[in-house]
Amino acid sequence: MSLTFDDGTFIRTEMQTPLPPPRRNVGAIGWMRENLFSSITNSVLTLLGLALVVWIVPPLIRFLLVDAVWTGSNREACLGPEVGACWPFIKAKFAQLIYGFYPAGERWRVDLVFFLGVVLLVPLLVLSWPHKRLNSFLFFVAYPILAFILLTGGNIDASNFLFGHFGLIRAVAGDAGVAGVRLGFWLDFLLTAALCVAVAYAIGRLAAGSGRGAARMTAYAFAGLGLLTLLWDIDFGLERVETRQWGGLLVTLVIAVTGIVTSMPLGIALALGRRSQMPIVRLLCVIFIEFWRGVPLITVLFFATYMLPLFLPVGVNPDGLLRALVGVALFTAAYIAEVVRGGLQAIPKGQYEGAMAMGLTWSQMMRLIILPQALTLVIPSIVNSFISLFKDTTLVLIVSIFDFLGQLRAAFTDPNWATPVTLYTGFAFAGIVYFIFCFGMSRYSLFVERRLNTSHRH
Amino acid sequence: MTEAHSIVPSDDLPAVHTPPSRETAVELIGVHKWYGEFHVLKDINLKVHRGERIVICGPSGSGKSTMIRCINRLEEHQQGTIVVDGVELTSDLKRIDEIRREVGMCFQHFNLFPHLTILENLTLAPIWVRKMPKKDAEELAMHFLKKVKIPEQAGKYPGQLSGGQQQRVAIARALCMKPKIMLFDEPTSALDPEMVKEVLETMVSLAEEGMTMLCVTHEMGFARQVANRVIFMDAGQIIEMNEPNAFFSNPQHERTKLFLSQILH
């Protein structure tokens, strides 16, 4: 079939059939030629890269594995001219790196918390697994309560709620108690709850015509708070372990997980607030976000630990770790808020209009339409914040909380293990541990990103 | 400009004859709206009867989209009264939600939710707004997907569908709420010429069932075939309003004549 175009007209007589693409650059050689040696500059860069690998990797392997000392009970084993990593040091200090100064007899409690955490977290992370609702409830609600009881020992000393502070209850109920639970406190609690429900009812009645909803919400809030306090107040017979005794990986994980889990909803709320139509809400959110973004985390921790007690009334002295936790969570929330705001801004106006035109309420629109899309968009940045939070937990060292790295540095001072390679071994180990966590988060986020990417699927 | 082309030829199609009732579905009385200093709607008065089909045309920026978007409060009007299905639109959120439940809307860019499947797009509002059980909602959704002739796409995501299919899904999504009134905001303007027809056919069949419709469109063939009244708007005002035959064959206002001479060849 020949067609000429000389006369400027053309009519196709036969449709073309699709052909396979040209077979060029196939196989390993072809791949290398295309990706590694495609030009002189690229060839030079490839060789330089190769040289760098040869320069770094073999000595690293020699230090960590080949020349490393694997057995020994003190520094004697790791002394010598050509000695690599001193792994017995890590072995000897391992428990300390994980638990800190947590009493040896009670460490099963930490193990149980770790174990439950993994058991509940893994099914939550596997997206295709069923029962996500129950799973989230267990992980986000039941687990923290249980972990608190296990780690601290529960049996918090709940004595005065509201009226107790004015000396009103003790006269009636005395100091009677059952299983570590002081009855006076609960009398106080119930009275306060009743009072608050009544006030909520009255306000609701005046403001909206019916106080039922407000009263019910208040009652639920008090019921939740009461259940929580009761669980923490009961004496389960566990020995109390002060947070001062916590340390090592336990503290690192407690700070990181609490920070991640609390900063996420807080950050989303702040982002929504910052985009709110209500000027005062918007202003408060802007002030909050800009304040926390404007100060370094070290300052926050320092302030929370050493300055805050100066401003609080005598006798009110929140736990040191709790203060650090709150600081880290609020700090991260501000960053998350800005990340989420970026995601919200990327959602086209049409999505809002589509949702509104269907009669969805604002919260339904946000929950079902806008946030799922916005959060999917910003997964990389959110995980970025979480990874940086995980690494920033090491800063709690300056307020005398001994996290993983803090325990490690404390271990360096042990004269029993003072060798030239102790420091290198320790930091190499710390590097590996932090890398495993951070790399894990990073890979998981990539997986989730791919799984949720439906919008551009064609 | 594809939007000026009329894909449905006007001559060889029978006109839809579903007489509107005398009941009022939508009423706009002296409606004004400003964007900042800019007066975008000027004294709009319009009464739409139940079962009536209104086509609104006019040049860009004439306020036609803004007007129909005021009807379900995607835009707020600053003066005048809008009554939809017997409920007056005020800033009361409950009333706005009530009206939005009864008024369906289709947009130029479909505004489907890309993270949900077609079926989930359709069942979302029935489940969350009408509180329908999931199973019933899915049945309803499949019914309307069959009606717009794409039931086989139910499990796909919007990004996998063609523009015409997406717009038909958008229509089905609005219908799942069993609306009393449908608003169309240039539903075919973003489509390739070949896909305009399938969307218009869906809209015609909707008209045949007696749905109250307000369409902003430049599909004059559609207007001729379906509309009870055609409205021409310019500079935020209604310039001319007439039944389609008279509107197209004998336009009165100079501005209408100019507009029609430019879009009809």
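1. Ground rules. This is a predicted model, with local features needing pLDDT of at least 70 and side-chain atom pairs counting only at pLDDT 80 or more, while totals for chains, interfaces and linings use all residues. Residues are numbered from 1 along each chain as its sequence is written, chains are lettered from A and ligands numbered from 1 in the order in which they are written, and side-chain values use heavy atoms, with hydrogens and water left out.

2. The annotated span. An unreviewed UniProt entry puts "domain: ABC transporter" at residues 26-260 of chain B; such positions are in the numbering used here, feature names are shortened, and annotations may be inferred rather than shown by experiment. That span is 39% helix and 26% strand, and its end C-alpha atoms lie 27 Å apart. Helices (H or I, at least four residues) and strands (E, at least two) are DSSP runs, numbered from the N terminus.

3. The interface. On chain B, 25 residues are in contact with 22 residues of chain A, where contact means heavy atoms within 4.5 Å. The buried area is about 2100 Å², with carbon and sulfur atoms giving 61%; this is the accessible area (1.4 Å probe) that two parts lose on being put together, summed over both.

4. The rule finds 1 salt bridge between chain B and chain A (a side-chain nitrogen of Lys or Arg within 4 Å of a carboxyl oxygen of Asp or Glu). The partners are E353(A) and R69(B), with the closest N and O atoms 2.5 Å apart. Look also at helix 2 (93-102), strand 6 (103-106) and helix 3 (118-128) of chain B, which each supply at least two residues of the side that touches chain A. Helix 3 of chain B gives the most, with 4 residues. By type, that side of chain B divides into 14 nonpolar, 6 polar and 5 charged residues. Here Ala, Val, Leu, Ile, Met, Phe, Trp, Tyr, Cys and Pro count as nonpolar, Asp, Glu, Lys and Arg as charged, and the others, Gly among them, as polar.

5. Salt bridges elsewhere. In chain B, E23(B) meets R50(B) at 3.1 Å, N to O. E23(B) lies in the segment before strand 1 (24-35) and R50(B) in the loop between strand 2 (38-49) and strand 3 (53-57), so the pair ties together parts that are 27 residues apart in sequence. K180(B) also bridges to D85(B), again with a closest N and O separation of 3.1 Å. That pair links distant parts of the chain, 95 residues apart. In chain A, R274(A), E290(A), R293(A), E338(A) and R341(A) are joined into one network by salt bridges that share partners.

6. I71(B). This residue lies in helix 1 (residues 64-71) of chain B. At 0% relative accessibility, I71(B) counts as buried (buried means under 20% relative accessible area, exposed over 50%, partly exposed in between; 1.4 Å probe, protein chains only). Not counting residues up to four places away in sequence, I71(B) touches several others, among them V26(B), L28(B), L183(B) and L214(B).

7. I239(B). Strand 10 (residues 237-242) of chain B holds I239(B), which is partly exposed at 24% relative accessible area.
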